[in-house]
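Take a moment to turn it around on the screen before you read on.

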Amino acid sequence: MPEVIFNGPAGRLEGRYQPSKEKSAPIALILHPHPQFGGTMNNQIVYQLFYMFQKRGFTTLRFNFRGIGRSQGEFDHGAGELSDAASALDWVQSLHPDSKTCWVAGYSFGSWIGMQLLMRRPEIEGFMSIAPQPNTYDFSFLAPCPSSGLIINGDADKVAPEKDVNGLVEKLKTQKGILITHRTVPGANHFFNGQVETLMGECEDYLDRRLNGELVPEPAAKRIR
């Protein structure tokens with residue numbers, strides 16, 4: 001897969017990019033875990049997500065947030081990283097003007113950035129939020145959450161306790177017009193040690209079902225006058 005360097009708000013950003021053979025293929029953007037705790041675009045789960053979307057014909061990009069690898073700049077507590085993600089999506093869209101839709105998948109810190117990006121970009125029609133941390137990061141901006149998606153976590157996650165994730169899911173499930181799918185990986189911790197295959201199986205199943213037209217809300221019934 002081609003190594004790429006593109007301009008971000010704080011300097012150059014480093015990524016890995018795989019264009020689809022189809023000009024109008026959807027775009028998938030993959031966002032990595034916390035830059036100050038070893039998160040990079042080469043994280044195993046980030047790589048597997050990239051490969052999952054690529055195999056299904058998406059134009060796919062993963063990249064290093066500012067200050068990681070060859071990406072310039074320094075950690076900015078989320079605000080700058082959100083700008084990096086927006087610039088990354090802009091860059092892919094500039095190369096694929098016929099792509100009308102996009103998915104965003106984020107893991108841990110990356111899921112928080114991805115959900116914020118979702119609020120700003122109406123072309124994002126699906127999301128995957130892996131091991132989000134509502135106990136650490138504020139997700140109240142999802143009011144309302146504009147797209148259907150998957151939230152998946154381990155029930156032995158001590159970084160993002162299950163009760164906090166369940167609270168986020170329940171809040172989002174009350175919103176109309178979207179369908180939130182929640183999956184739990186039994187025995188999995190925040191890093192899905194020994195459980196990455198199970199995690200990816202759930203993500204693949206969700207994506208395949210969405211691409212098949214499933215797991216979206218029923219259209220609102222028309223009122224009979």
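Predicted model: local features only at pLDDT ≥ 70, side-chain atom pairs only at ≥ 80, totals over all residues.

Residues are numbered from 1 along each chain as its sequence is written, and side-chain values use heavy atoms, with hydrogens and water left out.

Let us begin with the sheet. Eight strands form an open sheet with mixed pairing, and their order is E1-E2-E4-E3-E5-E6-E7-E8. Strands (E, at least two residues) and helices (H or I, at least four residues) are DSSP runs, numbered from the N terminus, and two strands pair if DSSP finds at least two bridges between them. Which strands stand at the edges? They are E1 (3-8) and E8 (180-185); each has a single partner strand, so one side of each is left without a neighbour in the sheet. On average, neighbouring strands of this sheet are turned by 20° against each other, direction ignored. Axes here are lines fitted to C-alpha atoms, for helices over the stretch in contact, and angles run from 0 to 180 degrees between N-to-C directions.

E1 and E2 form a hairpin with two residues between them. The two strands run antiparallel, and six bridges join E1 to E2 (residues 11-18). Gly-8 has Gly-11 in E2 as its bridge partner, and Ile-5 stands opposite Glu-14 in E2. E2 also pairs with E4 (residues 59-63), again in the antiparallel sense, over four bridges. In that pairing, Tyr-17 stands opposite Leu-61 in E4. A handy rule while you look: in a regular strand the side chains alternate between the two faces of the sheet.

Helix H4 (residues 162-173) lies across E7 (148-154) and E8, running at about 165° to E8. Helix H5 (residues 196-211) lies across E5 (102-107), E6 (124-130), E7 and E8, and it runs at about 170° to E7.

There is also a record to compare with the model. An unreviewed UniProt entry places the feature "domain: AB hydrolase-1" at residues 34-135. UniProt positions are given in the numbering used here, feature names are shortened, and annotations may be inferred rather than shown by experiment. Over residues 34-135, the chain is 40% helix and 18% strand, and the end C-alpha atoms are 15 Å apart.

Buried means under 20% relative accessible area, exposed over 50%, and partly exposed in between (1.4 Å probe, protein chains only). The largest nonpolar core has 39 residues, of which Leu-29, Leu-61 and Phe-63 touch the most other members. A second, separate core of 27 residues includes Ile-30, Ile-45, Phe-53 and Met-128. Leaving aside neighbours within four places in sequence, Leu-61 is in contact (heavy atoms within 4.5 Å) with residues including Val-4, Phe-6, Tyr-17, Phe-50 and Trp-91.

Charged side chains are worth a look too. How many salt bridges does a search of the whole structure find? It finds twelve, where a salt bridge is a side-chain nitrogen of Lys or Arg within 4 Å of a carboxyl oxygen of Asp or Glu. One of them joins Glu-3 and Arg-16 (3.9 Å, N to O). Glu-3 lies in E1 and Arg-16 in E2, so the pair ties together parts that are 13 residues apart in sequence. Glu-3 is exposed, with a relative accessible area of 52%, whereas Arg-16 is buried, at 13%. Glu-3, Glu-14, Arg-16 and Arg-70 are linked in a network of salt bridges.

Another salt bridge joins Glu-202 and Arg-183, with the closest N and O atoms 3.6 Å apart. Glu-202 lies in H5 and Arg-183 in E8, so this pair ties together parts that are 19 residues apart in sequence.

Finally, find Asp-98, in the loop between helix H2 (79-95) and E5. Asp-98 counts as partly exposed, at 34% relative accessibility. Leaving aside neighbours within four places in sequence, Asp-98 is in contact with Lys-23 and Ser-24.

Methods
Core = buried A, V, L, I, M, F, W, Y, C linked by side-chain atoms within 4.5 Å.
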